[in-house]
Amino acid sequence: MSADGTMAEWRLVRRPVGEPAADDVELVEMSLPPLDEGEALIRNTFLSVDPYMRGRMNDAPSYVPPFPLGGPMDGGAVGVVESVRGEMTDRAGRPVRRGDTVLHDAGWRTHALLTGRAVRVVDAKAAPAQSYLGILGMPGLTAYAGLLRVGEFRSGDRVFVSAAAGAVGSIVGQLARLKGASLVVGSAGGPDKVRWLLDDAGFDRAIDYKAGPLHKALKVAAPEGIDVYFDNVGGDHLEAAISSLRQGGRVAMCGAVAQYNDTEAPAAPRNLSLAIGKRLTLRGFIVVDHRDLRPQFEEEVGALVRDGRIVWRETVIEGIERTFDAFLAVLTGGNTGKMLVRL
Ligand code: NDP
């Protein structure tokens, strides 16, 4: 049990129009309900806040259902099992015991009561618990599947990735480099992020897209063009990439974070018809459709992490009451690497 038998959870109370506002959500405290047979009480230690959650605040058809109004929001989280009522195995059939660290989707709250099917026991000794929300978790698999399968990356390709200093983008660029890209270019907002990409993450070139016109900067960074664009941003980034893509180029359409708060249709890309003559492939994807790659991803990227051949960063915000601020910040570049909330 929590020390005082209470928990807190964030609820969506109004659907945002444009940028989410403080009045769209509320943090509610309540007594912890009693455990049913076959349930575990989990004390969350890290919550994930992710750009896709903005889409879940809208009442619109999507690949994940909208957050219900007045109900708890959810998302990735890791936590420690405080107690288990009866016997329990996780979704992979492993026993779940008090003290285990588990990964689950009942984020945006301090505690969760979950059955075995809803949790996955993770090895918090092999890697920090929160890395299962980042490099070893959903963002890592997104980068891996998006670059290798969707973007059909081949050794020697010239790769451009946007939101390159973020959770997904920073892994994309490093995987491309490790797998033999002839050029890795990233774009990010601000000189500190650009410096990190060049000094620590091993990018060949990095563009501060806030410092000047992106399409010109991309032409300078990749004068011979690019073969693969990993799109996290949409809009003018996609337009600049289409302009720089070579014959037969590929776009892995992962996200469009520049547009998530838009209330009107985006102005760019205006040059989509170039895709015809250049024989481009633009392919959207959702990570859950690539779960079959998880064992391969875990083995390969797990080894890179263990050997220190891949770097990752975290931006950690402290406290359940700051979860919504952390979410707003991830939409506006307040993070380098994975944005997390530590409880
Ligand atoms: P990040 O850690 O990359 O955080 C989002 C970043 O987007 C911010 O840090 C900010 O960085 C950048 N950004 C925000 N607004 C703009 C803008 N107007 N123009 C350019 N960059 C902007 O998030 P994730 O790594 O979790 O996600 C990256 C993308 O991948 C998102 O679009 C997300 O929705 C998508 N995604 C898709 C999945 C799928 O299955 N298809 C799965 C997971 C993520 P900066 O300071 O550089 O502007």
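Trainee: Which domains does the domain assignment give for the protein chain?
Mentor: The model is a predicted one. The assignment itself gives domain 1 as 6–133 + 313–342 and domain 2 as 138–288.

Trainee: In what order do the six strands of the open sheet stand?
Mentor: The pairing in this sheet is parallel. Strand 10 (205–208) and strand 13 (281–284) each have a single partner strand, so they stand at the edges with one side left without a neighbour in the sheet. Neighbouring strands are turned by 15° against each other on average, direction ignored. The order is 10-9-8-11-12-13.

Trainee: Are helix 2 and helix 3 parallel, perpendicular or oblique to each other?
Mentor: Helix 2 (residues 138–150) packs with helix 3 at an angle of about 45°, and their axes are 8 Å apart. Helix 2 passes helix 3 in a right-handed crossing. An angle of 65 to 115 degrees would count as roughly perpendicular and one under 35 degrees as roughly parallel. The two helices are therefore oblique.

Trainee: How many nonpolar, polar and charged residues does the contact of helix 2 with helix 3 have?
Mentor: Helix 2 contributes Pro139, Gly140, Thr142, Ala143, Tyr144 and Leu147, while helix 3 contributes Ala167, Val168, Ile171, Val172, Leu175 and Ala176. By class, the contact has 10 nonpolar, two polar and no charged residues.

Trainee: At what angle do the axes of helix 5 and helix 6 cross?
Mentor: Helix 5 covers residues 214–221 and helix 6 covers residues 235–244, and their axes come within 9 Å. The crossing of helix 5 past helix 6 is right-handed, and the two helices are oblique to each other. The axes cross at roughly 40°.

Trainee: Which residues in helix 6 meet helix 5?
Mentor: The contact of helix 5 with helix 6 has four nonpolar, four polar and two charged residues. From helix 5 come Leu214, His215, Leu218 and Lys219. In helix 6 they meet Asp236, His237, Ala240, Ala241, Ser243 and Ser244.

Trainee: Is the peptide bond from Ala268 to Pro269 cis or trans?
Mentor: Pro269 is placed in the loop between strand 12 (245–253) and helix 7 (274–277). The bond from Ala268 to Pro269 has omega near 5°, and it is cis.

Trainee: What is the phi of Glu152?
Mentor: Glu152 lies in the loop between helix 2 and strand 8. Although Glu152 is not a glycine, its phi is positive, at about 50°.

Notes: Residues are numbered from 1 along each chain as its sequence is written. This is a predicted model: local features need pLDDT of at least 70, side-chain atom pairs count only at pLDDT 80 or more; totals for chains, interfaces and linings use all residues. Side-chain values use heavy atoms; hydrogens and water are left out. Axes are lines fitted to C-alpha atoms, for helices over the stretch in contact, and angles run from 0 to 180 degrees between N-to-C directions. Helices (H or I, at least four residues) and strands (E, at least two) are DSSP runs, numbered from the N terminus. Angles under 35 degrees count as roughly parallel, over 145 as roughly antiparallel, 65 to 115 as roughly perpendicular and the rest as oblique. A crossing is left-handed if the near helix is turned anticlockwise from the far one by less than a right angle, and right-handed if clockwise. Contact means heavy atoms within 4.5 Å. Ala, Val, Leu, Ile, Met, Phe, Trp, Tyr, Cys and Pro count as nonpolar, Asp, Glu, Lys and Arg as charged, and the others, Gly among them, as polar. Two strands pair if DSSP finds at least two bridges between them. Domain bounds come from an automatic or database domain assignment.
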